[in-house]
Amino acid sequence: MSFLKLLIFHPILMLSAFTSTADGYYFYNIPECVYSTSDYSDMLLLWSFSFNKVVDLQYNSSVEKFVGYTEQGVKFAENANKDQALLQQLKAEVDRFCRHNAQNHDSSVRDKAVPPKITLKSVRQASGKIPAMLMCSAYDFYPKEIKVSWLRDGKLMTSEVTSTMELADGDWYYQIHSELEYTPKSGEQISCMVQHASSPKPIITHWDPSLLEPGRNKIAIGASGLVLGIIIAAAGLIYYKKKSAGRILVPN
Ligand SMILES: *[C@@H]1O[C@H](CO)[C@@H](O)[C@H](O)[C@H]1NC(C)=O
C-alpha cells in the first residue's frame, strides 16, 4: 500500500487531513528515508504529519510506532499505535518505499559518476620556522559530493587543513582544493585522500618529495644552457680572432 493510499484509507490520518484543510490551513505530511550506509542496513523511515509549521505526529521506523509531539498528535499516536495492521504496513515501507527508491536513486547517480582528476603539488617548501604547504586538487568530477582529507603515515590529519567549497565549473563538473600546512619529518609519508561516489575505495595519492625536483631541474637546465652558451661564445671569439689575425698575415 502506498503512502497516499494509507493516508486516504486510514481513518485516523484522514481525520487529521480533513479537520485541518477545512479553513484553508496548511496540512502536510512528509515521508523521509534517512540512511548513511551503502547496503541500506541503517535505513530509517520517518513520516511526519504537520499542521502549519508544527509537527504533530511522526512515524519512526526505528521504534516501529508513531510519536506524538502536540496534544493532538499524542492522541493520534495513541490510537494509531493500537492499529497493528497499520504498523506492519509501515514497517514494510522501509523496504518497499525507502530501500527501493534509495537503490534507484543511488544507481542513477553512481552510473553518472565521473571520477576526479587529482593533482598533488607543493605550494611552499618548509624553510626555518615556516611550515611547508601542499595543495591537493580534484578536478572534473561529478556528482558534487566529495571529501578531501590528509593522511600522515596513514593516519588522518585534522589540524592545519583548509579546504575550499566544491566549485561548479559550469559544465556539470566540479572542482575542489585542499591545502595542508605541515612541518615535514624525514621518513614520513603524506597522502591526500579523496572519497567520491565514482570510486568504492578512497583514492589515495602519496606525496613524493622528489616531485620538487622539476624546479631544481629547471635551474640545472638553465645553468648548463648558460655554460654551453659561454663555451660557444668563447669558441666563436677565438675562431674570429684567429681568422682576423690570419687575414693580416696574408700579403696584399
Ligand atoms: C527515531 O527513534 C530513535 C529511537 O528512539 C531516535 O533515536 C531517533 O532520534 C528518532 N528520530 C527522530 C527524527 O525523532
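Predicted model: local features only at pLDDT ≥ 70, side-chain atom pairs only at ≥ 80, totals over all residues.
Good morning, colleagues. I shall begin with the ligand. Which residues surround the ligand? They are Leu46, Gln58, Asn60, Ser62, Val63 and Tyr69. By class, this shell divides into three nonpolar residues, three polar residues and no charged ones.

For asparagine 60, an N or O atom of the side chain is 2.2 Å from an oxygen atom of the ligand. In serine 62, a polar side-chain atom lies 2.8 Å from a ligand oxygen atom. For glutamine 58, the value from a polar side-chain atom to an oxygen atom of the ligand is 3.5 Å. How much of the ligand does the protein bury? Taken alone, the ligand exposes 360 Å², and the protein buries 43% of that area.

I move now to the sheet that holds some of these residues. As a reminder, strands of a sheet pair through backbone hydrogen bonds, in either the parallel or the antiparallel sense. Here we have an open sheet of four strands, in the order β1-β2-β3-β4, and the pairing is antiparallel.

Leucine 46 stands opposite asparagine 60 in β3, and both residues belong to the group surrounding the ligand. Helix α3, residues 71-80, lies across β3 and β4 and runs at about 160 degrees to β4.

The other sheet I wish to present is also open and has four strands, with the order β8-β7-β12-β13 and antiparallel pairing. Its edge strands are β8, residues 155-157, and β13, residues 203-206, each of which pairs on one side only. The twist from one strand to the next averages 35 degrees. Inside this sheet, β7 and strand β12, residues 190-196, pair in the antiparallel sense over seven bridges. Valine 148 has valine 194 in β12 as its bridge partner.

Finally, two details of the backbone. Most residues other than glycine have a negative phi, and most peptide bonds are trans. Where is tyrosine 40 placed? Tyrosine 40 sits in the loop between β1 and β2, and its phi is near 60 degrees, a positive value in a residue other than glycine. The peptide bond from tyrosine 142 to proline 143 is cis, its omega being near 0 degrees. Proline 143 is found in the loop between β6, residues 132-141, and β7, residues 146-152.

Thank you for your attention.

Methods
Residues numbered from 1 in each chain as written. Heavy atoms only, no water. Near = heavy atom within 4 Å. Polar contact = N/O pair within 3.5 Å; in protein donor to acceptor, adjacent residues only side chain to side chain. Areas by Shrake-Rupley, 256 points an atom, 1.4 Å probe, with all protein chains shown as cover. Nonpolar A, V, L, I, M, F, W, Y, C, P; charged D, E, K, R; others polar. Pairing = 2+ DSSP bridges. Helix = DSSP H or I, 4+ residues; strand = E, 2+ residues; numbered from the N terminus. Contact = heavy atoms within 4.5 Å. Axes fitted to C-alpha atoms, helices over the stretch in contact; angles between N-to-C directions.
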